Amino acid sequence: DVVLYTIYETDLVTRIVQPFGLVLTPSGVLYSTSESRVVRVESGGSTTTIADAGEDVGPLALDLSGNLYFSTVSRIFRIESGTGAVTHYAGTGIRGGRGDGGPALEAELDAPHGLVVWPDGALYVADTGNHRVRRIDPATRVITMFAAAVAPSGLALGPGGVLYVAE
């Protein structure tokens with residue numbers, strides 16, 4: 001079966017405006033962003049807001065435990081799969097590039113336009129405004145520079161542990 005939703009300035013049941021992120025879980029649940037919100041798209045097309053960041057929301061990423069990550073212009077949040085609790089995961093809320101080698105919550109981010117979670121739980125961030133890909137260690141929550149890039153805008157995990165970076 002093929003189910004097609006056109007999520008670009010269209011009405012499902014609730015309007016999804018300026019979608020930037022889209023994630024489909026293994027169980028078939030679709031999540032999208034809509035301006036400042038992260039929404040769950042039900043099978044009939046209705047939407048439920050599961051988080052509202054109060055500012056534009058960027059990409060989405062899903063880890064193996066079902067936790068959902070999303071970014072704003074200078075922060076990253078995690079939505080816990082079991083409870084739905086939204087926690088601040090990285091970024092100070094100030095646009096900038098400082099903080100590599102320290103706690104992710106004390107690091108500055110500048111327009112993170114791509115997120116991907118490695119199978120070991122590490123979160124990779126295409127920090128577009130800082131021209132780099134950054135890695136957040138799942139155990140220590142320390143952020144480091146993983147690779148320099150001109151304008152990284154998307155990330156994907158490939159077979160054999162290959163990280164693909166769109167510029």
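The model is predicted: local features need pLDDT of at least 70, side-chain atom pairs count only at pLDDT 80 or more, and totals for chains, interfaces and linings use all residues. Residues are numbered from 1 along each chain as its sequence is written, and side-chain values use heavy atoms, with hydrogens and water left out. The chain holds 17 strands and zero helices; helices (H or I, at least four residues) and strands (E, at least two) are DSSP runs numbered from the N terminus.

**Overall shape and packing**

- The radius of gyration of the chain is 15 Å, which agrees with the value near 15 Å for a compact globule of 167 residues. This radius is taken over C-alpha atoms, and the globule rule is 2.2 Å times the number of residues to the power 0.38.
- The C-alpha trace spans about 45 × 35 × 30 Å along its principal axes.
- Of the 167 residues, 46% are buried (buried means under 20% relative accessible area, exposed over 50%, and partly exposed in between, with a 1.4 Å probe and protein chains only).
- Among contacts with a separation of 6 or more, 34% join residues 24 or more positions apart; contact means heavy atoms within 4.5 Å.

**Surface and charge**

- The chain exposes about 8,300 Å², of which carbon and sulfur atoms supply 53%. Accessible areas come from the Shrake-Rupley method with a 1.4 Å probe, and for residues only the protein chains shown count as cover.
- The chain has 11 positive and 18 negative charges, and their mean positions are 4 Å apart. Lys and Arg count as positive and Asp and Glu as negative, while His and the chain ends are not counted; each charge is placed at NZ of Lys, CZ of Arg, CG of Asp or CD of Glu.

**Aromatic pairs**

- A search of the whole structure finds four aromatic pairs. Rings of Phe, Tyr and Trp (its six-membered ring) pair if their centres lie within 6.5 Å; planes under 30 degrees apart count as stacked, over 60 as edge-to-face and the rest as tilted.
- Tyr69 and Tyr89 form an edge-to-face pair, because their ring centres are 5.3 Å apart and their planes stand at 80 degrees. This pair links distant parts of the chain, with Tyr69 in strand S8 (residues 68-71) and Tyr89 in strand S10 (residues 86-90), 20 residues apart.
- Tyr69 is buried at 2% relative accessibility, and Tyr89 is buried at 2%.
- Tyr124 and Phe146 are also edge-to-face, with ring centres 5.0 Å apart and planes at 85 degrees. Here Tyr124 in strand S13 (residues 123-127) and Phe146 in strand S15 (residues 142-148) are 22 residues apart, so that the pair links distant parts of the chain.
- Tyr124 is buried at 5% relative accessibility, whereas Phe146 is partly exposed at 44%.

**Surroundings of Phe146**

- Phe146 belongs to one aromatic cluster with Trp118 and Tyr124.
- Leaving aside neighbours within four places in sequence, Phe146 contacts Tyr124, Val133, Arg134, Arg135 and Leu163.
- Arg134 is twelve residues from Phe146 in sequence, and their C-alpha atoms are 5.0 Å apart.

**Positive phi angles**

- Most residues other than glycine have a negative phi.
- Ala111 has a positive phi near 60 degrees; Ala111 lies in the loop between strand S11 (102-103) and strand S12 (112-117) and is buried, with a relative accessible area of 12%.
- Arg141, also not a glycine, has a positive phi of about 60 degrees. Arg141 is in the loop between strand S14 (132-136) and S15, and is partly exposed at 24% relative accessibility.
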